[in-house]
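Dear colleague,

I am passing on the structure below, and I would be glad if you could look through it before reading my notes.

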Amino acid sequence: MPTMARTRALAAALEPRVDGFLVTTLVNIRYLTGFTGSNAAVLVLPDGSTVLATDGRYATQAAAETDGVDIVVARSVGPELVSHAAAAGLRQVGIERRQVSLTAYDALLAAAGDMALIDAGPLVERLRIVKDDDELSAIATACQVTDEVFAAVLSTLRAGVSERDVAWLLRTEMHSRGAEPAFDSIVAFGPDSARPHHQPTERTLARGDLIKMDFGAAVEGYHSDMTRTVVLGPAAEWQRELHALVRELQRDARAATVTGALPVELDAEVRRRIIDSGHDVAHGLGHGVGLEIHESPFLVPGSDADTLVERVPVTVEPGVYLPGRGGVRIEDTVVVRAGGAEPLTTSPRDLIEI
Ligand SMILES: [Mn+2]
């Protein structure tokens with residue numbers, strides 16, 4: 001992992017008024033240094049030099065996972081680095097204010113003395129939007145596992161299985177392929193499919209039920225995200241129509257997810273079409289995918305995300321839901337390329353009748 005290039009890119013992105021940046025968000029620390037433990041803070045200086053503080057449990061691991069990073073072993077990792085910065089004569093240090101609890105902030109302030117701590121904004125989150133080859137490769141592998149797991153689980157769907165049974169099977173199929181679930185899988189039968197983020201229950205599958213499965217795998221810390229909606233047939237006419245509507249919305253939205261497209265406008269277009277079709281809009285069109293399952297850029301109303309560029313993986317996931325009856329969502333993880341959106345999840349999108 002070219003982590004030194006990442007800390008240098010972060011250093012270059014620092015405002016002139018800031019002479020250091022304290023990173024306390026673990027996923028950002030992983031991105032910048034490769035460290036995967038559960039307790040750390042990182043200080044990046046304008047010349048790109050980087051110090052990582054962690055506790056004794058992770059001293060050996062931190063040395064093994066990082067490259068070109070000074071390691072300090074301490075109990076209170078954030079305050080330790082702030083003291084270090086103040087002692088080195090730094091005047092203003094940027095922090096990830098949005099991610100710091102009030103109690104942690106009090107401890108940082110106490111360690112800072114006369115040195116100012118200022119909100120540096122989501123600097124690392126912005127750097128994470130465009131992925132390098134290693135990141136895209138991990139996401140593509142996670143998507144391939146997701147496609148394989150879908151095919152494996154599809155063949156086991158029959159009347160009488162419960163939503164929880166299927167969620168468990170998704171997990172074991174990922175495990176047997178060396179992956180972890182990227183998030184708690186959504187498995188929703190019949191009327192439950194009308195709930196966008198349904199949590200699996202003991203409800204059992206019955207003939208005529210829509211079956212919505214939203215799941216993904218995580219590989220080397222990178223995520224994938226896919227939703228398919230199928231039916232334990234034969235499908236009713238309203239189910240075919242609903243599925244065809246969402247299928248068309250999703251196909252068009254994928255085609256529009258190109259370099260230069262503005263995320264807020266991609267969402268608005270799908271939103272307009274759902275409303276024109278006489279339905280309600282339950283959620284945004286999609287989100288970035290990477291070290292987190294939901295990360296920038298967000299394809300939602302009010303999104304301030306910049307126009308899309310190459311190498312940005314996002315989900316495209318329109319859904320239409322009829323409360324009490326059922327809902328359909330079709331979601332792919334795609335990556336923006338010069339010629340358009342390349343789908344990384346490729347499972348069949350037509351209405352499968354089991
Ligand atoms: Mn998603």
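This is a predicted model: local features need pLDDT of at least 70, side-chain atom pairs count only at pLDDT 80 or more; totals for chains, interfaces and linings use all residues.

Residues are numbered from 1 along each chain as its sequence is written, and side-chain values use heavy atoms, with hydrogens and water left out.

Helices (H or I, at least four residues) and strands (E, at least two) are DSSP runs, numbered from the N terminus. Two packed helices are described by the angle between their axes and the distance between the axes. Axes are lines fitted to C-alpha atoms, for helices over the stretch in contact, and angles run from 0 to 180 degrees between N-to-C directions.

The axes of helix 4 (residues 77–87) and helix 5 (residues 102–112) come within 8 Å of each other and cross at roughly 25°. That makes helix 4 roughly parallel to helix 5 (angles under 35 degrees count as roughly parallel, over 145 as roughly antiparallel, 65 to 115 as roughly perpendicular and the rest as oblique). In their contact (heavy atoms within 4.5 Å), Gly78, Pro79, Val82, Ser83 and Ala86 of helix 4 meet Ala107, Leu108, Ala111 and Ala112 of helix 5. By class, this contact has 7 nonpolar, 2 polar and no charged residues (Ala, Val, Leu, Ile, Met, Phe, Trp, Tyr, Cys and Pro count as nonpolar, Asp, Glu, Lys and Arg as charged, and the others, Gly among them, as polar).

Turning to the sheet, 3 strands form an open sheet in the order 8-9-12, with antiparallel pairing (two strands pair if DSSP finds at least two bridges between them). Strand 8 (186–189) and strand 12 (226–231) are the edge strands, each pairing on one side only. Strand 9 (residues 210–215) is joined to strand 12 by 6 bridges, and Lys212 stands opposite Thr229 in strand 12. Helix 8 (residues 163–175) packs on the sheet, where it touches strand 8 and strand 9, and its direction makes about 145° with that of strand 8.

Glu248, Leu249, Asp252, Ala253 and Ala256 in helix 9 meet Leu266, Val270, Arg273 and Ile274 in helix 10, a contact with 6 nonpolar, no polar and 3 charged residues.
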